[in-house]
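Let's walk through this one together, from the overall layout down to a few single residues. Keep the 3D view open as you read.

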Amino acid sequence: MEILEFSSRIGMAALAGLIIGMEREMKGKSAGLKTNALVAIGSAVFVLLSLEFRGEDYVDTSRVIGQIVTGIGFIGAGTIIQRGGNVSGLTTAATIWCSAGAGCLAAMDMYKELIIVGIFILVINFVFSYLAKKFNWETQRKDDDGKV
């Protein structure tokens, strides 16, 4: 792969991660701009590295994407906090997971798909957060006895 192509794919991953992390950063969450950008870049790097072995004997480049999904699960789990019956950090964890997917799309040169995914992530994080505040949707789960 030429350095310009590599750079453009990594750059698109970084940009996607920054844009995705914008909403988390604006809300002061622990995983914001930098975290989402680095997750997207890291995912793209691993995918691009695996693509260098495409066509070799006993090589399945798609397995790298599966390992990214697993690895990001551990990072996302670190953002989830449970205090009593309250759980927080689920949206941040899901956003990190989406940033990894965005990085994979950028690495695969799937820029149209990356834009669509980015728009969906932003709409979900911004619009539904706004709607939840506007309509006072309950964000805490209650157990079977109605206790929080």
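How many helices and how many strands does the protein have? There are five helices and two strands, where helices (H or I, at least four residues) and strands (E, at least two) are DSSP runs numbered from the N terminus. Read from the N terminus, the elements go α-α-α-β-β-α-α. The C-alpha trace spans about 60 × 30 × 20 Å along its principal axes.

Some ground rules before we go on. This is a predicted model, in which local features need pLDDT of at least 70 and side-chain atom pairs count only at pLDDT 80 or more, while totals for chains, interfaces and linings use all residues. Residues are numbered from 1 along each chain as its sequence is written, and side-chain values use heavy atoms, with hydrogens and water left out.

How far can you trust it? pLDDT is the predictor's confidence in each residue, from 0 to 100. The protein's mean pLDDT is 90, and 93% of its residues reach 70 or more. The stretch to watch is residues 141-146, where pLDDT stays under 50. The model has five contacts beyond four places in sequence for that stretch, contact meaning heavy atoms within 4.5 Å. Where pLDDT is low, the predicted coordinates should not be read in detail.

Across the protein, 60% of the contacts with a separation of 6 or more are between residues 24 or more positions apart. Of the 148 residues, 30% are buried; buried means under 20% relative accessible area, exposed over 50%, and partly exposed in between (1.4 Å probe, protein chains only).

Now for the helix packing. Two packed helices are described by the angle between their axes and the distance between the axes. Here the axes are lines fitted to C-alpha atoms, for helices over the stretch in contact, and angles run from 0 to 180 degrees between N-to-C directions. Start with α1 (residues 3-26) and α2, which pack at about 150° with their axes 7 Å apart. The pair is therefore roughly antiparallel (angles under 35 degrees count as roughly parallel, over 145 as roughly antiparallel, 65 to 115 as roughly perpendicular and the rest as oblique). On the α1 side, the contact residues include Phe-6, Arg-9, Ile-10 and Ala-13, and on the α2 side they include Leu-33, Asn-36, Ala-37 and Ala-40. By class, this contact has 15 nonpolar, three polar and three charged residues. For these classes, Ala, Val, Leu, Ile, Met, Phe, Trp, Tyr, Cys and Pro count as nonpolar, Asp, Glu, Lys and Arg as charged, and the others, Gly among them, as polar.

Next along is α2 with α3 (residues 62-79), at about 155° and with axes 9 Å apart. These two are therefore roughly antiparallel as well. Val-39, Ser-43, Phe-46, Val-47 and Ser-50 of α2 meet Val-64, Ile-65, Ile-68 and Ile-72 of α3. That contact has seven nonpolar, two polar and no charged residues.

Back to α1, this time against α4 (residues 90-107): their axes come within 8 Å and cross at roughly 160°. That makes α1 roughly antiparallel to α4. Among the residues involved are Arg-9, Met-12 and Ala-13 of α1 and Thr-91, Thr-92 and Ser-99 of α4.

Ser-43 sits in α2 (residues 33-51) and counts as buried, at 2% relative accessibility. Not counting residues up to four places away in sequence, Ser-43 touches Ile-68, Ala-100, Gly-103 and Cys-104. Its C-alpha atom is 8.5 Å from that of Ser-99, 56 residues apart along the chain. Then there's Arg-9 in α1, buried with a relative accessible area of 9%. Beyond four places in sequence, Arg-9 is in contact with residues including Met-1, Leu-48, Ala-106 and Asp-109.

Finally, two loops. Tyr-58, between α2 and α3, has a positive phi of about 60° although it is not a glycine, and it is exposed at 87% relative accessibility. Asp-109, in the loop between α4 and α5 (111-134), has a positive phi near 65°. Asp-109 is partly exposed, with a relative accessible area of 40%.
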